[in-house]
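Topics follow in turn, beginning with a pair of packed helices.

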Amino acid sequence: MNSFRLLLQTMHPRIWHCRLFLKIRANLWPFSSRADALFTPVNRHSLAGQTAHLPLNNTPSRSFWHTVILPLFCLALFVSCVAEDPDSAESVPAPETTLKEAYRDAFLIGTALNSRQISGQDASGQALAIREFNAVTAENVMKWEVIHPEPGVYNFEAADAMVDLAEKNGMFIVGHTLVWHSQTPDWVFHDEEGNRLTREALLERMKEHIDTVVGRYRGRVHGWDVVNEALLDDGALRETLWYEIIGEDYLARAFEFAHEADPGAELYYNDYSLELPEKREGAIRLVQSLQEQGAPITGLGTQGHFSLDFPSLENLEATITGFAGLGVDVMVTELEIDLLPPAFDYLGADVEMSAELRDELNPYADGLPTEVQDQLTERYKEIFGLFLKHQDKISRVTFWGVTDGDSWKNNWPVPGRTNYPLLFDREGNPKPAYHALIELAER
Ligand code: XIL
């Protein structure tokens, strides 16, 4: 079935041309009314005059059509289908397959969508996302500061557009993210006088937000990153305002509220650097504690903000297998491979960190050397080799962006750099790593 689909896909442009061919040549079809015009005495005569092997009465008959014209017609149709399309040299050739097709039997392949892709302002980015991926995550448009910027003010326009677009294209939809300490306005934690809210008041605010956002997309958004980045690298709970004001159970409450708002949605805990052994253990303890509290968590996402040497394959594998042992879905949610020198001694993805641009931090501003491109390809290959090995445990792998130009890694933690962390270059062309991953899946 798969190879049939592949064959059809490869044939697609040609099948299209065949359809055109048929349309044009419908005029010549011997049994159509237009063709019947050929059987007027004048036409018959002129045809007869030019053809040597006509029936003796010199009249083209239906059997002439069947024995001569029809086979010629079929031959012409066949040749037109298999011959090279003269236009194809100018257009970008459609790839043999796509990422989502190649990994169809392994796991979902997702991407984050930014607001330009969602609105169609970046039409080619949108088309590329639809062609290659079967899952989408809102990169920013569902974050608290965007969707609920002020008390009582919700801004659903972009989120609605993303859900519509993804639905229209049959994609799995991930809402990102409900409870986080970053990209959440300060007012969330304070009353009108600027005083910190009480536990009850903050719980109420959290519930109202979750009810409104999750409730709006009930039955449409398939999974939510309910809590994002609640852990420190040593595996302890991060002392965010959520934690300080509500206490440790803020996580369980968030999962309960989300489940009440959409009992059918998958609900995830999502974090970065979960390949660090201490942080991995912290995440495992956290999920176990949520399960003991009866919180409806269904999945655990490791973000996958990786570099050429972080994490080790051993640690990545230990994270995948360790998480799968918890009986929840495991997913890689924000994958990319950073190729630039680290600005400081830090492996994580805390969006609040930043460093100043210096020349030595931006070595590939004029292009990526071939050997680094090769390193990227090899790195993606070894990582996906592991994902494929554990495909029974992994439900989705989502890249954090479509093309290199879209990646947040051009501006974080150092603004204004030129990074190359994804599978499509700035023009949307597939990079060698893309082809290597397709080949790997088809092996
Ligand atoms: C990033 C976005 O990609 C940027 O556009 C934005 O400026 C900051 O946030 N972990 C997450 C994501 O969970 O939401 C972050 O996304 C990257 C780190």
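Helix H10 (residues 199-216) packs against H12 at an angle of about 35 degrees, the two axes lying 9 Å apart. Axes here are lines fitted to C-alpha atoms, for helices over the stretch in contact, with angles running from 0 to 180 degrees between N-to-C directions. This is a predicted model, in which local features need pLDDT of at least 70 and side-chain atom pairs count only at pLDDT 80 or more, while totals for chains, interfaces and linings use all residues. Residues are numbered from 1 along each chain as its sequence is written.

**Helix packing**
- From H10, the contact involves Leu203, Met206, Lys207, Ile210, Asp211, Val214 and Gly215; from H12, Arg253, Ala254, Phe257, Ala258 and Ala261 take part.
- Two residues are in contact if their C-beta atoms, placed from the backbone, lie within 7 Å.
- Eight nonpolar, one polar and three charged residues form the contact of H10 with H12.
- The classes are nonpolar (Ala, Val, Leu, Ile, Met, Phe, Trp, Tyr, Cys and Pro), charged (Asp, Glu, Lys and Arg) and polar (the others, Gly among them).

**Overall architecture and core**
- The protein chain contains 16 helices and nine strands, taken as DSSP runs (helices H or I, at least four residues; strands E, at least two) numbered from the N terminus.
- Of its 443 residues, 36% are buried, that is, with 20 or more other C-beta atoms within 10 Å of their own, C-beta atoms being placed from the backbone.
- The largest nonpolar core has 96 residues, and Val136, Met162, Trp224, Val226, Ala254, Phe255 and Ala258 touch the most other members.
- Such a core is a set of buried Ala, Val, Leu, Ile, Met, Phe, Trp, Tyr and Cys residues joined through C-beta atoms within 7 Å.
- Ala254 touches Leu178, Val179, Met206, Ile210, Val226 and Val227, not counting residues up to four places away in sequence.

**Ligand surroundings**
- Glu139, Asn140, Asn228, Gln303, Glu334, Ala349, Val351 and Trp408 surround the ligand, each with its C-beta atom, placed from the backbone, within 6 Å of it.
- This shell comprises three nonpolar, three polar and two charged residues.

**Backbone features**
- A cis peptide bond runs from His176 to Thr177, with omega near 0 degrees; Thr177 is in strand E3 (residues 172-179).
- The peptide bond from Phe310 to Pro311 is also cis, with omega near -5 degrees.
- Glu229, a residue other than glycine, has a positive phi near 55 degrees and is buried, with 23 other C-beta atoms within 10 Å.

Methods
Buried ≥ 20, exposed ≤ 12 C-beta atoms within 10 Å, placed from the backbone.
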